[in-house]
Amino acid sequence: MLQLENLTRRFGATTAVDGVGLAIPAGQMVGVIGRSGAGKSTLLRMINRLTDPSSGRILHDGADVTALRGQALRDWRTACGMIFQQFNLVPRLDVLTNVLVGRLNHHPGFGGTLGTLFKRFPAAERAMALEALERLGLADQALQRADTLSGGQQQRVAIARALLQQPRIILADEPIASLDPANARTVMEALRDVNRRDGLTILCNLHHLDTARHYCDRIVAMQAGRVMFDGAPAALTGARVREIYGVSEEEFDSMAAAEPSVAAEAPPPQPARAARQPALTA
Ligand SMILES: Nc1ncnc2c1ncn2[C@@H]1O[C@H](COP(=O)(O)OP(=O)(O)OP(=O)(O)O)[C@@H](O)[C@H]1O
């Protein structure tokens, strides 16, 4: 269980995240939606402690994440796989080595140049990386340079890299905002598969309501740093959207032109495994 208690982050006069309280059971896939500047990225960055809260607490399985320092903080960051809008791969390295970068926190002593990195990883970890790529449909690209792949493929490499960390949670900050609809769909499906099959908790910042409704178990809608809605996707109706944001759903979506809506043609996701999908409250 991940618990956020009255979490707040101020930047000067701006309150980016304002008293957010959430309890997220293990294995839930949560879509965080909101317009630009709503505080979505800051919220995610506080969870893995890339940004420190101004006040409030983060607890994971009862342990106070906000109090972690040194090795314990590094371990927590390893437990949080991050997926970024711009993939953050090393462009000139091959795909397989990019995936192995996810193991680096397990080898604090590794030095040398990036070019010789691959040889330093034990065979078991190279096999793990290949397995992750295979699962994400990228085994054939393993030896290609990362920058020769499409955006959707690169984002799936980033997901494989996150999996190599053996994380407890995946924090995906606008993972499909730079992709065309077809690539966006493969990435959302990959995240959903990781959530279902591995039982990983996922928090995913999204701009389009339909995408969040289609792929997530729960939606958190933010506005000016606050949580304005927290519940089951079906409960976030067009009327509720208008109440929160003062615009229709179409207008809300059109404000995020950069991110494609990918729900329309996607097949419905498989029913959740009961043990992994706790009941949601609207
Ligand atoms: N490092 C920072 N310094 C100053 N202000 C910041 C910083 N990071 C975020 N902010 C401000 O905090 C608010 C929330 O920003 P944040 O990036 O969390 O929103 P967001 O919902 O993720 O937006 P977007 O969808 O555009 O990424 C904004 O007003 C932003 O300008």
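What percentage of the 282 residues in the protein is buried? The points below start there.

1. Overall make-up. This is a predicted model. Buried residues account for 42% of the 282 residues. The protein holds ten helices and ten strands. Take the contacts between residues at least 6 apart in sequence: 71% of them join residues at least 24 apart.

2. An open sheet. Four strands build it, in the order β2-β1-β4-β5. Their pairing is antiparallel. The edges are β2 (14-24) and β5 (63-64), each of which pairs on one side only.

3. The β1-β4 pairing. Strand β1 covers residues 2-11 and strand β4 covers residues 55-60. The two run antiparallel and are joined by five bridges.

4. Helix α1. This helix spans residues 40-47. It lies across β1, β2 and β4. Relative to β2, helix α1 runs at about 60°.

5. The ligand shell. Residues around the ligand are Phe11, Thr14, Ala16, Gly34, Ser36, Gly37, Ala38, Gly39, Lys40, Ser41 and Thr42. By class, the shell has three nonpolar residues, seven polar and one charged. Gly counts among the polar residues here.

6. Where the shell comes from. Two elements, β2 and α1, each give two or more residues to the shell. Helix α1 gives the most, with three.

Conventions
Residues are numbered from 1 along each chain as its sequence is written. This is a predicted model: local features need pLDDT of at least 70, side-chain atom pairs count only at pLDDT 80 or more; totals for chains, interfaces and linings use all residues. Two strands pair if DSSP finds at least two bridges between them. Two residues are in contact if their C-beta atoms, placed from the backbone, lie within 7 Å. Axes are lines fitted to C-alpha atoms, for helices over the stretch in contact, and angles run from 0 to 180 degrees between N-to-C directions. A residue is near a molecule or strand if its C-beta atom, placed from the backbone, lies within 6 Å of it. A residue is buried if 20 or more other C-beta atoms lie within 10 Å of its own, exposed if 12 or fewer, and partly exposed in between; C-beta atoms are placed from the backbone.
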